[in-house]
Amino acid sequence: MDVIHYTHAQLRIEYPLIITEQLKGSLDYYLYADRKLLVVEAKNADLARGFTQLAVELIAIDAWTDSQEPNLQGAVSTGDIWQFSLLNREDKQITQDLNLYRVPANIEDLLRILVAILGC
């Protein structure tokens with residue numbers, strides 16, 4: 001809620017998205033302000049599977065949005081651990097940040113990153 005307060009972002013939870021019959025589902029958390037951020041909940045605390053889900057959903061958002069942003073950003077989270085990702089829309093390349101941010105130990109860094117991503 002602090003991130004929403006500072007960025008004036010809109011938050012959509014379980015946001016339905018249908019691109020094609022094969023590419024459809026619900027985005028766990030979709031925040032948007034000047035820029036957009038997709039947050040995927042890592043089910044069963046499995047960051048690897050959560051990252052795969054994040055990559056697919058970033059590709060779906062790329063096909064869905066009319067935004068001209070060159071990159072789409074996302075995060076996968078267990079709640080206690082956060083990891084970020086970037087989709088370069090032109091190259092169709094997904095980059096996984098190797099850093100993990102832990103709550104509460106890295107909460108200040110995490111909040112700064114989230115506010116920066118959303119464009120404030």
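Q: Why is Asp-28 called buried?
A: Buried means under 20% relative accessible area, exposed over 50%, and partly exposed in between (1.4 Å probe, protein chains only). Asp-28 has a relative accessible area of 3%, so Asp-28 is buried. This is a predicted model, in which local features need pLDDT of at least 70, side-chain atom pairs count only at pLDDT 80 or more, and totals for chains, interfaces and linings use all residues. Residues are numbered from 1 along each chain as its sequence is written, and side-chain values use heavy atoms, with hydrogens and water left out.

Q: What makes the pair of Asp-28 and Lys-43 side chains a polar contact?
A: A polar contact is a pair of N or O atoms within 3.5 Å; within protein, one must be able to donate a hydrogen and the other to accept it, and residues adjacent in sequence count only if both atoms are side-chain atoms. The Asp-28 and Lys-43 side chains make such a contact at 2.9 Å.

Q: Why is Tyr-30 called buried?
A: The relative accessibility of Tyr-30 is 4%, so Tyr-30 counts as buried.

Q: Why does Trp-64 count as partly exposed?
A: Trp-64 has 35% relative accessibility, so Trp-64 counts as partly exposed.

Q: What makes the aromatic pair of Tyr-30 and Trp-64 edge-to-face?
A: Rings of Phe, Tyr and Trp (its six-membered ring) pair if their centres lie within 6.5 Å; planes under 30 degrees apart count as stacked, over 60 as edge-to-face and the rest as tilted. For Tyr-30 and Trp-64 the values are 6.0 Å centre to centre and 70° between the planes, so the pair is edge-to-face.
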